[in-house]
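Trainee: I have a new structure to look at. Can you walk me through it?

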Amino acid sequence: MPDPTLRVENLVTAFHTRNGTLRAVDGVSFEVGRGKVLGLVGESGSGKSVTGFSIMGLVDPPGRIDGGRILFQGRDLVGLPEEEMRALRGSRIAMIFQDPMMTLNPVLRIDTQMIEAVKAHHPAIGDDEARSRARDALAQVGIPSPEARLKAYPHQFSGGMRQRVAIATALLNKPDLIIADEPTTALDVTIQGQILFEVQKLCRQTGTALIWITHDLSVVASLADEICVMYAGKIVEQGSVDDVLDRPTHPYTHGLLRSVPSANPRGQPLRQIPGMTPSLLSLPSGCAFRLRCERATGECVQVPEMTAPMAGRRVRCFHPLLSTVPV
Amino acid sequence: MTVFIIRRLMQTAVVLAVMSLLVFVGVFAIGDPTAILVSPDSDQIERDRAIAALGLDKPLWEQYLYFLYGAFRGDLGKSFVFNMPALQLIMQRLPATLELAFAALVIALVAGIPLGMYAGYRPESPVSKTIMAGSILGFSLPTFWVGLMMIMVFAVQLGWLPSTGRGQVGTIFGITTSLVTLDGLAHVLLPAVNLALLKLSLVCRLARAGMRENLLMDYVKFARAKGLSARRVVLVHVFKNILIPLVTVTGLELGNLIAFSVVTETVFAWPGMGKLIIDSINNLDRPVIVAYLLVTVSMFVFINLAVDILYSILDPRVRLAEAKG
């Protein structure tokens, strides 16, 4: 079997702060193949963004990758020299960020910001060629009159258009892997739909692998092939998107799905998961979810291992919901 | 843009009128210049004649109107002491002060920005900590003391540089300045560094703060995610953003450099406006004081205008308002 585009094995990324060590990503493993979309789902602080930054090699001190391997096309990115990592970044692996209002430099024109992305990886390419690539990329993500828009500054674009520019920039060098960190969270629902549609189409066409980081289950449902649910730095459930969303086995996934307002009967109080996301500094021993879990028993003070309760499904729980009715 | 400039010029005229009135009344309140100017053993007739010659026998409001009448024709009155037009007197001294301020500004920017940016880029390194400690000294040591120390070390003990006066002047593009001759440069170096020290610390700290603030921005992370080199991220992306606050402050500080180079000019016997104004205040030489302040305020206004225009070039989000003020 050929190498998948990306295989992450037992990744540990920790922040060494004065108050102690925070394991933001704690033994995460997954893989994404060509043209596939992986949804990385979790609440704020579950470690999903840090996972993305770890793959990009952009974890800033005091954060550091403490263990595991990140195999990109068979090559381990952990410990790769900065210059080699830089050559991959934006060229083979691209990233799109959450807030389109902040990701573009306010004082540089769009063409400057796009052309430099081309030239950083292809110094031999002339300005004209780089500019025409930028123009094509803008057209590709559905920006009208791209030639004229190249000369604009970021503040002359709406949020949705800026995110399109950011996506176009990520696409410039035809990467093999795109990490999208909640790129549609800050956008209107209609714009979000358009962008999801465009991105999905692009991945199918070009065979680009995509990791879509989000807390929005409805986005994942329509976009992803596989899904990883993260809680407190660990993946708690993993499987194909339809399976996991239709028949969640981990109590946390189950709780998340039940919290989506539309799933609740009208007129009833909205359901929620009791308690709060624990601070990484004071995680309960054993299963991090046990204090909020209605199925927890004495056994849960041990750390549960990943198990495969059914084909194509992995779950980290002593008491998975194996025979429940769908949510 | 044109409307913006015209409105600014009108504001300037009002500011100048109000300020001249304040100074007029202020200097009148301080004391009687004739007590200093007319020799004590002259008799009353002589004294009256001198007072009449200076126009000081008239009521203050009449003197002020007379001054305004002259000012509109470009005549700011004659110095009581030197008996020559005050404006001409100032213009003679202006180039020396301007070149000192300019040299100090260049030193402050050329040294301050890179030092500050480095300190912001590597805040934990010993070099950065040394830079920041140095900038605290630059802030807190009194200018005159540093000036005296510099004279003692570089002029007296080491004998490398001259300690007083302005050196040989040369002419470039029709401007007479000491910045184009070696001797002139040697003379300007010590006072310029002395004058620059405070501004250098300020620029350094601003650049450092800007650097640290901007490095945390998403656009920096996005630029790095594009695979740009750290060099390009810092020198293009961050630098252009740091420049915006720096230009504002530099503009304000340039005005300060010109107006308040008094201390440095006194320590180094630099023949500039600062020394002139101190002498004039001592002699209650009102026309010179008023003319000096008018020139200084005009310069401030002009610099601020230049800053506003530069701002709109640097930051595309700023457009000089045509419609509303």
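**Where the chains meet**

Mentor: About 2200 Å² is buried between chain A and chain B, 63% of it on carbon and sulfur atoms. Buried area is the accessible area (1.4 Å probe) that two parts lose on being put together, summed over both. This is a predicted model, where local features need pLDDT of at least 70, side-chain atom pairs count only at pLDDT 80 or more, and totals for chains, interfaces and linings use all residues. Residues are numbered from 1 along each chain as its sequence is written, chains are lettered from A and ligands numbered from 1 in the order in which they are written, and side-chain values use heavy atoms, leaving out hydrogens and water.

Trainee: How many residues does the contact take from each chain?

Mentor: Chain A gives 28 residues and chain B gives 21. Contact means heavy atoms within 4.5 Å.

Trainee: And how many salt bridges cross the interface of chain A and chain B?

Mentor: Four. The rule wants a side-chain nitrogen of Lys or Arg within 4 Å of a carboxyl oxygen of Asp or Glu. Glu116(A) and Lys226(B) form a salt bridge through their side chains, at 2.9 Å from N to O.

Trainee: Which elements give two or more residues to the side of chain A that touches chain B?

Mentor: Helix H1 (48-56), S6, helix H3 (100-103), helix H4 (110-119) and helix H7 (159-171) of chain A. H4(A) has the largest share, with four residues. Helices (H or I, at least four residues) and strands (E, at least two) are DSSP runs, numbered from the N terminus.

Trainee: Back to salt bridges. How many are there over all chains?

Mentor: The count is 29. In one of them, Lys48(A) meets Glu182(A) at 3.3 Å, N to O. Lys48(A) lies in helix H1 of chain A and Glu182(A) in the loop between S7 and helix H8 (189-206), so the pair ties together parts that are 134 residues apart in sequence.

Trainee: Is Lys48(A) buried or exposed?

Mentor: Buried, at 4% relative accessibility. Glu182(A) is buried too, at 6%. Buried means under 20% relative accessible area, exposed over 50%, partly exposed in between (1.4 Å probe, protein chains only).

Trainee: What does Arg133(A) form a salt bridge with?

Mentor: Glu129(A), with the closest N and O atoms 3.5 Å apart. Arg133(A) is partly exposed at 27%, and Glu129(A) is partly exposed at 40%.

Trainee: Last one, strand S6 of chain A. Which way do its side chains point?

Mentor: Ile93(A) and Met95(A) point one way from S6 (residues 93-96), Ala94(A) and Ile96(A) the other way, and all are buried. In a regular strand the side chains alternate between the two faces of the sheet. S6(A) pairs with strand S7 (residues 177-181) of chain A in the parallel sense, over four bridges. Pairing needs at least two bridges found by DSSP between the strands. Ile93(A) stands opposite Leu177(A) in S7(A).
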